[in-house]
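Take a walk through this structure, one piece at a time. Begin with the helices, then move on to the strands and loops.

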Amino acid sequence: MTDQDLLNEAIKEAELGLNTGGLPIGSVLADMDRGVIVARGHNLRVQSGDPTAHAETVCIRNAGRRRDWPRLTLASTLSPCIMCTGTALLYKIPRVIVGEHENFMGAEDLFRQHGVELVVLNDARCIKLMSDFVAAQPDLWNEDIGE
């Protein structure tokens, strides 16, 4: 399993979020050593009415109770906001793959300050998916990031 494989799965989640009336942001959590995805999630803020239901927090919530957080890798189509970054830091997830940070720069500096390995892939599909959404629904996007 490669970083790109994980991002491809996160993109599927982002497309699912968009196709169900939400934002196109997706995330997966994987045990790279074992080559398995342990959880998936996409932004459900619109669908659930929960302002904290960002893709990464939904994915981590879907992972359930576990003790292997420090062995896992989190992949997200978009640079994680400070809330999602904080959740990943709380569970000591040591590695984060970011699809893109052109449309939104999250709290990447906070990851680095805590020694998290951050891989930014600058994936053209992620950039387009998000830029198209922001152009089409700027009010919904601004609501999602608290503006």
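Axes here are lines fitted to C-alpha atoms, for helices over the stretch in contact, and angles run from 0 to 180 degrees between N-to-C directions. Helices (H or I, at least four residues) and strands (E, at least two) are DSSP runs, numbered from the N terminus. This is a predicted model, where local features need pLDDT of at least 70, side-chain atom pairs count only at pLDDT 80 or more, and totals for chains, interfaces and linings use all residues. Residues are numbered from 1 along each chain as its sequence is written, and side-chain values use heavy atoms, with hydrogens and water left out.

Start with helix α1 (residues 3-19) and helix α6 (residues 124-136). Their axes come within 11 Å and cross at roughly 20°. Angles under 35 degrees count as roughly parallel, over 145 as roughly antiparallel, 65 to 115 as roughly perpendicular and the rest as oblique. Therefore α1 and α6 are roughly parallel to each other. Contact means heavy atoms within 4.5 Å. On the α1 side, Gln4, Leu7, Asn8, Ile11, Ala14 and Leu18 take part; they meet Arg125, Cys126, Leu129 and Phe133 of α6.

Now turn to strand β1 (residues 26-31). Six of its six residues are buried, a word for under 20% relative accessible area; exposed means over 50%, and partly exposed lies in between (1.4 Å probe, protein chains only). Gly26, Val28 and Ala30 point one way, while Ser27, Leu29 and Asp31 point the other.

Which strands pair with β1? Two strands pair if DSSP finds at least two bridges between them. Strand β2 (residues 36-42) pairs with β1 in the antiparallel sense over six bridges. Here glycine 26 stands opposite histidine 42. The hairpin of β1 and β2 has four residues between the strands, and glycine 35 takes a positive phi near 70°. Strand β3 (residues 73-76) also pairs antiparallel with β1, over four bridges. Valine 28 stands opposite alanine 75 there.

Next come the loops. Threonine 77 lies between β3 and α4 (82-90). Its relative accessibility is 3%, so threonine 77 counts as buried. Not counting residues up to four places away in sequence, threonine 77 touches residues including Leu7, Ile11, Gly26 and Cys126.

Lysine 92 sits in the loop between α4 and β4 (95-98). It is not a glycine, yet its phi is positive, near 60°. Lysine 92 is exposed, with a relative accessible area of 57%. Asparagine 122, in the loop between β5 (117-120) and α6, has a positive phi of about 45°. Asparagine 122 is partly exposed, at 40%.
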